[in-house]
Amino acid sequence: MTPGRAAAPGLVLRGGTVLTCDARSTVVRGDVLVAGGRIAALGRVRAPEGTRSIDCRDRLILPGLVLAHVHLCQTLFRGLASDLPLLEWLRRRVWPLEAAHDERSLRASAELGLSELLLAGVTTILDLGTVHDQDVVFDACVRAGIRVIGGKSLMDSGAGVPRRLREPTARALGDAERLAREWNGHPSGRVEHAWIPRFVLSCSERLVRGAVERARAAGAALHTHAAEHPAERAAVRAALGADDLTVLRRWGWRGPRASIAHGVQLRAGARRALARDGVGVVHCPSANLKLGSGIAQVAALRGAGVVVGLGADGAPCNDNLDPFVELRHAALLSSVAAGPGAMPAAGALALATRDGARLLGLEATIGSVEVGKAADLLVLRTDAPHLGLAPDPAAAVVYAAQARDVEHVLVGGEPVVAGAELQTLDAGRVVAVARDEQRRLRRRAEV
Ligand SMILES: [Zn+2]
């Protein structure tokens, strides 16, 4: 490890067990020096005079977690859409609620989700946005201090889509271009625009091709839902004569920086095609279980060479946004799908760290605790009864840790959570406002 010194003020995380989540899942006992927003040194560190220090004895230090598929606009719908399969869930609940959002309810929804995510150690998200007012979501992300790749949800067709969510193709693409112009290069350095056709059933060929071309030209991330639920796949086949992944590939869906969420229904041939095309898959285990979609074959996807990240999806299909729940579900489901040991704990942890970063094309900046990377870090207490014994720290994180064990979170070296308290938003106020806005939203949506 590289010892080093950094300019004051800086910060040193002192005396922890560091799960670096690097390519070899190295574990380091020692310190992490943060300077200029980056990881300046790792191991036994001599910090400059006056450097602030956080005592990390009996703590685990990890890279900030990456959730590569979330819907901040849906956090306000928590508890309003249970017990339905995917297409009914969308048509009867989620779309009417999304269509009824105004700027106030959208901000309340985003802030509620961001509070939960940051308190749980999530420092980077891919957010799928909604059709209108994505500026509100980006602004909430900047104020909360999270790193976000996101964009508006692109929709121009589809059965059961409310009028307000169905835009003319040119207007959808034009508004997304405006968002890219206005938010890429934001002074916070934490916002990046992505191209996000919602899914094949709500997008025309022209819309998807338009997004693909623009993402490629800009080197931007490209993301959608695919191969999620058997009934959805059957509907795609009935409408377009092929399954959704085949259709997407025909319309140019290729890496780098392209991904799909779910991939539950993929067979061996499709897995190989994704690997060849450089398209990643975001595994959303809780959502797949709640909507009865099935179990994604994560070990087989990885075996074929596909990069797999982790997502919480939206609050109405989960119902929480807790990365520790998703890690645990991913590991447990892998045991069911491919046998115990097919995805050891360190491999599961990679889903929400280095592989999530790679899937988003951010592996040079985040995803592991390595010198030179952004200081997106989380400190986890290990003194609660459920974590008191942690001889294998990766197993402790994946199988036993909970969001409430998160003590400190840094994004770019700035504390967003300190002593388990959110620093950037008033969590109590956020919940109170969200309650009011949910009431108003339900009235508007008649749900
Ligand atoms: Zn989703």
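This is a predicted model: local features need pLDDT of at least 70, side-chain atom pairs count only at pLDDT 80 or more; totals for chains, interfaces and linings use all residues.
The pairing of helix H2 (residues 103-119) with helix H15 (residues 427-445) brings together elements whose axes lie 9 Å apart, and the angle at which the two helices pack is about 140°. Because angles over 145 degrees count as roughly antiparallel and those from 65 to 115 as roughly perpendicular, H2 and H15 are therefore classed as oblique to each other. The crossing of these two helices, H2 and H15, has a left-handed sense. On the side of H2, the contact involves Arg-104, Ser-105, Ala-108, Glu-111, Leu-112 and Ser-115, which meet Ala-427, Val-430, Val-431, Val-433, Ala-434, Glu-437, Arg-440 and Leu-441 of H15. Divided by class, the residues in the contact of H2 with H15 comprise 8 nonpolar, 2 polar and 4 charged.

A second pairing involves helix H4 (residues 169-183) and helix H5 (residues 205-218), whose axes cross at roughly 20° and come within 10 Å. Since angles under 35 degrees count as roughly parallel, this crossing angle makes H4 roughly parallel to H5. The sense of the crossing of H4 and H5 is right-handed. From H4, the residues making the contact are Thr-169, Ala-172, Leu-173, Glu-177 and Ala-180, while H5 provides Arg-206, Leu-207, Gly-210, Arg-214 and Ala-218. In the contact of H4 with H5, 5 residues are nonpolar, 2 are polar and 3 are charged.

Terms used: Residues are numbered from 1 along each chain as its sequence is written. Axes are lines fitted to C-alpha atoms, for helices over the stretch in contact, and angles run from 0 to 180 degrees between N-to-C directions. Helices (H or I, at least four residues) and strands (E, at least two) are DSSP runs, numbered from the N terminus. A crossing is left-handed if the near helix is turned anticlockwise from the far one by less than a right angle, and right-handed if clockwise. Two residues are in contact if their C-beta atoms, placed from the backbone, lie within 7 Å. Ala, Val, Leu, Ile, Met, Phe, Trp, Tyr, Cys and Pro count as nonpolar, Asp, Glu, Lys and Arg as charged, and the others, Gly among them, as polar.
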